[in-house]
Amino acid sequence: VQLQACGGGLVQAGGSLRLSCAASGLPFSRRAMGWFRQAPGKEREFVGGISWSGGSTYYADSVKGRFTISRDNAKNTVYLQMNSLKPEDTAVYYCAATWVVTTIPISYDYWGQGTEVTVSS
């Protein structure tokens, strides 16, 4: 199983980025997916998640209204569109696979390698 996240980079506050996570080696269309982030010196935190069908999405309060999760099961890819970025969004972002979206990292059994997002003020 491999989850390959990409799309991170350096952006100014107020800008946008779109992260992608391509999955292989697992039945992607039957797995819920989550995005987490970890800032230096902080614990990994839930950003958002999407059900296997894409019909349900969930977001942390800190990103609600700014971030959007979507998926393309034909491409085995999940996306995280990040708008109105703030310096406090700076972190390494991880995608992960699970059966049911939760906010708890231990409930996810496969993880991508992470992609770094830096938002300058």
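I began with Cys-95, which counts as buried because its relative accessible area is 0%. My cut-offs are these: buried is under 20% relative accessible area, exposed is over 50%, and partly exposed lies in between, with a 1.4 Å probe and protein chains only. Cys-21 is also at 0%, so I noted Cys-21 as buried.

Before going on, I noted that the model is predicted: local features need pLDDT of at least 70, side-chain atom pairs count only at pLDDT 80 or more, and totals for chains, interfaces and linings use all residues. Residues are numbered from 1 along each chain as its sequence is written, and side-chain values use heavy atoms, with hydrogens and water left out.

**Disulfide**

How many disulfides are there? I count one, taking a disulfide as a pair of cysteine sulfur atoms within 2.5 Å. A disulfide is a covalent bond between the sulfur atoms of two cysteines. Here Cys-21 is joined to Cys-95, with 2.0 Å from S to S. The link of Cys-21 and Cys-95 is right-handed, at 65° about the S-S bond. I then checked where the two ends sit. Cys-21 lies in strand E3 (residues 17-24) and Cys-95 in strand E9 (residues 91-98). They are 74 residues apart, so the pair links distant parts of the chain. Strands (E, at least two residues) and helices (H or I, at least four) are DSSP runs, numbered from the N terminus.

**Sheet**

I followed E3 into its sheet. Four strands form an open sheet in the order E1-E3-E8-E7, with antiparallel pairing. Strand E1 (2-6) and strand E7 (67-72) are the edge strands, each pairing on one side only. Two strands pair if DSSP finds at least two bridges between them. E3 and strand E8 (residues 77-82) pair in the antiparallel sense over six bridges. Val-78 in E8 is the bridge partner of Cys-21.

**Glu-116**

Is Glu-116 buried or exposed? I noted Glu-116 as exposed because its relative accessibility is 54%. Glu-116 is placed in strand E11 (residues 115-120). Leaving out residues up to four places away in sequence, Glu-116 touches Gly-8, Gly-9, Ala-91 and Val-92; contact means heavy atoms within 4.5 Å. I also looked up Glu-45, 71 residues from Glu-116 along the chain; their C-alpha atoms are separated by 14 Å.
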